[in-house]
Amino acid sequence: MASKRVCLAYSGGLDTSVILAWLIEQGFTVVAFLADVGQNEDYDAVKAKAAKIGAERMIIENLQQELVEEMVWPAVQCNALYEDAYLLGTSLARPVIARAMMKVAKQYNCEFLSHGCTGKGVRFELAWRALDQSTKTIIPWRLPEFYERFAGRQALLDFAESKGVPVTSTKAKPYSMDANLVHCSYEAGMLEQPELEPPADMWTMTVDPLKAPDTPTRFTVHFEKGLPIRLDVGDKSITDALELFKAVNEIGRVNGVGRVDIVESRFVGLKSRGCYDTPGLTILRTAHRDLEGLVMDSKVRAIRDQMVTSNWTACLYNGMYFSPEREFLHNSILFSQRQVEGKVNMVAYKGSAYAIGRSSQTSNLYSETESSMDTLEGFSPMDTSGFIAIQAIRLEKYGARKIKDGEPLAPA
């Protein structure tokens with residue numbers, strides 16, 4: 001077994017630290033890989049921890065720019081949202097991490113790939129299979145000799161303590177946290193009791209909305225083809241994609257925007273509770289949806305919402321990013337966003353972010369004259385007579401049949 005080489009997705013947290021130690025205990029040579037996707041991390045400490053446990057080497061790659069441009073921006077363009085609440089923070093990062101990790105595994109001649117996930121590991125493994133059909137994996141959480149030994153997080157904590165492995169989780173706060181530039185997720189521990197309120201000191205990316213500043217933050221987001229291209233806040237104007245997203249994140253963090261506490265449906269059919277704080281993406285999605293109301297054709301928007309957004313979201317959540325359907329949906333998104341251009345004036349205040357004005361120099365869908373209640377110019381009230389008569393045909397027939405059959409149309 002000593003000749004077997006494995007590339008491990010290593011975060012430095014409890015789960016992956018135990019798995020790293022266990023793999024070495026089983027005779028594997030381990031190359032630890034960590035993607036810098038914007039998490040607040042002491043990378044020198046992670047390297048030192050991996051070396052102390054026994055990894056051959058620790059590879060850290062900065063993937064923040066591609067995370068924003070390749071994953072977050074399309075999520076904004078299609079208003080991605082899973083089960084009306086979750087903004088896909090973990091799901092968005094997995095494809096870029098999996099792709100970069102595959103390259104590292106090949107560079108260092110690793111025969112196997114591994115991760116420390118339980119349910120979410122499907123996103124890694126489906127990506128690896130698509131990227132290289134000869135992929136071999138060793139997933140400790142699916143091996144009886146591992147999961148029977150480590151039946152829960154308390155056993156993991158005991159093992160880490162016995163090996164002298166420092167971890168941030170404690171027996172008092174045994175949360176499983178996954179952080180990146182987009183969000184931080186929190187699971188396990190007392191959160192597995194969905195009726196209990198999350199501890200106030202758990203959140204890491206947003207301040208308590210009740211303790212947010214009493215003065216609102218005003219800012220403007222500019223879009224082109226559905227993409228955020230400029231942020232104006234105070235006397236600053238930011239255009240670089242990564243810096244723009246970080247700045248919107250900071251606006252959301254300071255004002256307590258983006259916290260959700262939900263019970264969601266996992267891909268495997270189970271339900272689990274997840275808490276997430278997602279400040280910047282919450283704000284940008286809100287601004288983008290508002291601008292679409294001004295500039296996007298209503299029928300295109302309805303089809304996009306019903307077909308494209310829900311399916312693109314499912315592809316990401318279920319690990320199907322490297323799939324033909326996701327590629328098809330992406331091209332549909334691009335088509336739908338061709339005329340989504342303009343700016344949205346926003347306010348962030350004590351847990352909320354909302355639009356207070358929007359404009360576009362290119363769209364002709366909104367007409368102040370046609371929409372005005374103070375003029376009849378451009379629209380004749382007489383036009384509604386024929387419209388109503390046509391729309392009433394099937395309703396009249398439906399009502400007549402119900403009356404004939406002695407059935408009420410509906411409760412009053």
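Helices (H or I, at least four residues) and strands (E, at least two) are DSSP runs numbered from the N terminus. This is a predicted model, in which local features need pLDDT of at least 70, side-chain atom pairs count only at pLDDT 80 or more, and totals for chains, interfaces and linings use all residues. Residues are numbered from 1 along each chain as its sequence is written, and side-chain values use heavy atoms, with hydrogens and water left out.

**Figure 1. Lysine 350 in its loop.** Welcome to the loop between strand E12 (342-349) and strand E13 (352-359), where lysine 350 sits. Phi of lysine 350 is near 45°, a positive value in a residue other than glycine. With a relative accessible area of 26%, lysine 350 is partly exposed; that class lies between buried (under 20%) and exposed (over 50%), using a 1.4 Å probe and protein chains only.

**Figure 2. Asparagine 109, another residue with positive phi.** Asparagine 109 is found between helix H4 (89-107) and strand E4 (112-114), in the loop. Its phi is about 55°, although asparagine 109 is not a glycine. Asparagine 109 counts as exposed, at 60% relative accessibility.

Figure 3. Leu126, Phe267, Val268 and Leu270 make a nonpolar surface patch of about 400 Å². Patch residues have over 30% relative accessible area and no salt bridge; nonpolar side chains (Val, Leu, Ile, Met, Phe, Trp, Tyr) are joined within 5 Å and like charges within 9 Å. A salt bridge here is a side-chain nitrogen of Lys or Arg within 4 Å of a carboxyl oxygen of Asp or Glu. Accessible areas come from the Shrake-Rupley method with a 1.4 Å probe, and for residues only the protein chains shown count as cover. Look for valine 268 in the loop between strand E10 (259-265) and strand E11 (271-277); valine 268 is exposed, at a relative accessible area of 65%.

**Figure 4. Cysteines without a disulfide.** The structure holds zero disulfides, a disulfide being a pair of cysteine sulfur atoms within 2.5 Å. For cysteine 7, the closest cysteine sulfur is in cysteine 110, 5.0 Å away and so too far for a bond. Cysteine 78 is also in no disulfide, and the nearest cysteine sulfur, in cysteine 315, is 10 Å away. Cysteine 7 counts as buried at 0% relative accessibility, and cysteine 78 is likewise buried at 0%.
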